[in-house]
Amino acid sequence: MHGEKTYLFVPGDRPERFQKAMESPADAVIIDLEDAVEEKRKDAAREQIRLFLENNPSSKKPIYVRMNRLSTVWWEEDVQFVREYPELGIMVPKAEGAEEIQTVAMELQASQRIIPLIESAKGVLKAPAIVASSQQVYRLAFGAMDYCLELGIDVTEEETELIYPRSALVVASKAYGLPSPIDTVFVNIHDLEGLRRETNIAKQLGMFAKLCIHPKQIDPVQQALSPAEEEMAWAEAVVSAFEQAKREGKAAIQLDGQMIDEPVYRRAKRVLRER
C-alpha cells in the first residue's frame with residue numbers, strides 16, 4: 001500500500017478552514033506554519049492550531065504541521081508545539097540533509113511521523129541520506145516551485161524537467177522501504193485537466209500521492225491515482241488465473257496472449273490493493 005494519496009494544505013492562521021479541511025475527502029491535512037503565514041502571525045497561528053486540537057481531540061484523519069525551516073527563529077517553538085500532541089506529524093520544509101531531520105526527530109516523541117519536503121538540488125542529491133536519517137521519516141515530499149526557481153528553469157507541459165528529481169525521490173524511498181513520495185502542488189486551482197495530466201505524469205514515475213492546495217483538487221487527484229476499471233479487470237483476471245495455475249503446480253501461464261509469471265502476478269496484486 002502507498003498510504004495516503006491526497007494531502008491538503010491549510011494556512012495555519014485561517015482557523016475557520018481547519019474543520020472544513022478535516023471534513024474534506026483529503027486523506028491527510030497539512031496545517032502550514034511556514035510560507036502561508038506572515039512573520040508577525042506565526043505565534044498567533046500556533047495558538048489557533050492549539051485551540052483547534054483541544055476542541056477536536058480525536059482526529060478522523062492524519063494531521064501534519066509544516067514547521068518553519070531550521071534557519072529561522074520559529075522552528076524550535078514549532079517542534080516543541082508538535083511534540084505536545086502525539087497524534088501530530090511534522091513536515092520539514094527545504095530539507096537538505098540527515099542532520100536537519102535528526103535534529104527535529106530528537107525533539108519529537110518517537111511515534112511522531114516526519115515528512116521531509118525536498119525543494120532544492122542539494123535536497124534531491126541528499127534524498128537517500130534524508131530517508132535513512134531516522135526511523136521517524138514516513139515518506140518524502142517534493143516541492144517543484146522552489147526547486148525550479150533555484151535551477152532557473154520553467155516547467156513545460158510535458159514536465160521532462162522534473163523527471164530526474166521525481167525519480168530520485170522515488171528510488172530513494174523504494175530503496176529504504178518507504179511509501180512512494182508525495183508529488184508537488186499544482187498551483188492553478190481552476191485547471192483540473194492540467195492537474196490530472198500532472199498527476200498522471202508523476203504516477204508514471206512512481207509517485208502515488210500529491211500535495212493539494214484546494215479541496216476541489218482532491219477528487220481529480222484521487223481519480224488519477226486510482227486504477228481505471230480496465231486495469232482493475234485485468235488485475236482480477238490475472239490474480240484469479242495465476243492462483244489457479246499455482247494450485248496446479250504451474251509457475252507461468254498465458255492469458256489473452258500475455259505471459260503471466262510471478263512478477264506480473266505481484267503487479268496485479270498491487271493494483272488490487274490500490275483500488
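**Helix contacts, salt bridges and surface residues**

Trainee: Which residues of helix 2 meet helix 3, and which residues of helix 3 do they meet?
Mentor: From helix 2, D43, R46, I49, R50 and L53 meet E77, D78 and F81 in helix 3. Keep in mind that this is a predicted model.

Trainee: At what angle do the axes of helix 2 and helix 3 cross?
Mentor: Roughly 5°, and the axes come within 11 Å. Angles under 35 degrees count as roughly parallel, so helix 2 is roughly parallel to helix 3.

Trainee: Which residue does D78 form a salt bridge with?
Mentor: D78 forms a salt bridge with R46, and the closest N and O atoms are 3.0 Å apart. This pair links distant parts of the chain, with D78 in helix 3 and R46 in helix 2, 32 residues apart.

Trainee: Are D78 and R46 buried or exposed?
Mentor: Both D78 and R46 are buried. R46 has a relative accessible area of 4%, and buried means under 20%.

Trainee: What else does the side chain of R46 meet in a salt bridge?
Mentor: The side chain of D43, at 3.1 Å from N to O. R46 and D43 both lie in helix 2, 3 residues apart, which is about one turn of the helix. D43 counts as partly exposed because its relative accessibility is 43%.

Trainee: Why would such side chains pair at all?
Mentor: Side chains of opposite charge can pair when their charged atoms come close.

Trainee: How many salt bridges does the count come to?
Mentor: The count comes to 19 salt bridges. One of them is between K94 and E119, with the closest N and O atoms 3.9 Å apart. K94 lies in the loop between strand 4 (88-92) and helix 4 (98-107), and E119 in the loop between strand 5 (114-118) and helix 5 (121-125), so the pair ties together parts that are 25 residues apart in sequence.

Trainee: Which residues are in the network with K94 and E119?
Mentor: Salt bridges that share partners join D32, E34, D35, R66, K94, E119 and D146 into one network. K94 and E119 are both buried.

Trainee: Staying with K94, what is its phi?
Mentor: Near 50°, a positive value in a residue other than glycine. Most residues other than glycine have a negative phi. K94 counts as buried because its relative accessibility is 16%.

Trainee: And what is the phi of E159?
Mentor: The phi of E159 is near 60°, also a positive value in a residue other than glycine. E159 lies in the loop between helix 7 and helix 8 (163-175). With a relative accessible area of 6%, E159 is buried.

Trainee: Changing topic to the surface: which residues form a nonpolar patch?
Mentor: M145, V187 and I213 form a nonpolar patch on the surface, with about 280 Å² of accessible area together. M145 lies in helix 7, residues 144-151. At 53% relative accessibility, M145 counts as exposed, since exposed means over 50%.

Trainee: How far apart are the C-alpha atoms of I189 and P11?
Mentor: They are separated by 16 Å, and the two residues are 178 residues apart along the chain.

Trainee: Last one, where does R270 lie?
Mentor: R270 lies in helix 12, residues 262-273. At 35% relative accessibility, R270 counts as partly exposed. R270 and L151 are 119 residues apart in sequence, with 36 Å from C-alpha to C-alpha.

How values were computed. Residues are numbered from 1 along each chain as its sequence is written. This is a predicted model: local features need pLDDT of at least 70, side-chain atom pairs count only at pLDDT 80 or more; totals for chains, interfaces and linings use all residues. Side-chain values use heavy atoms; hydrogens and water are left out. Patches are made of residues with over 30% relative accessible area and no salt bridge: like charges are joined within 9 Å, nonpolar side chains (Val, Leu, Ile, Met, Phe, Trp, Tyr) within 5 Å. Accessible areas come from the Shrake-Rupley method with a 1.4 Å probe; for residues, only the protein chains shown count as cover. A salt bridge is a side-chain nitrogen of Lys or Arg within 4 Å of a carboxyl oxygen of Asp or Glu. Helices (H or I, at least four residues) and strands (E, at least two) are DSSP runs, numbered from the N terminus. Buried means under 20% relative accessible area, exposed over 50%, partly exposed in between (1.4 Å probe, protein chains only). Axes are lines fitted to C-alpha atoms, for helices over the stretch in contact, and angles run from 0 to 180 degrees between N-to-C directions. Angles under 35 degrees count as roughly parallel, over 145 as roughly antiparallel, 65 to 115 as roughly perpendicular and the rest as oblique. Contact means heavy atoms within 4.5 Å.
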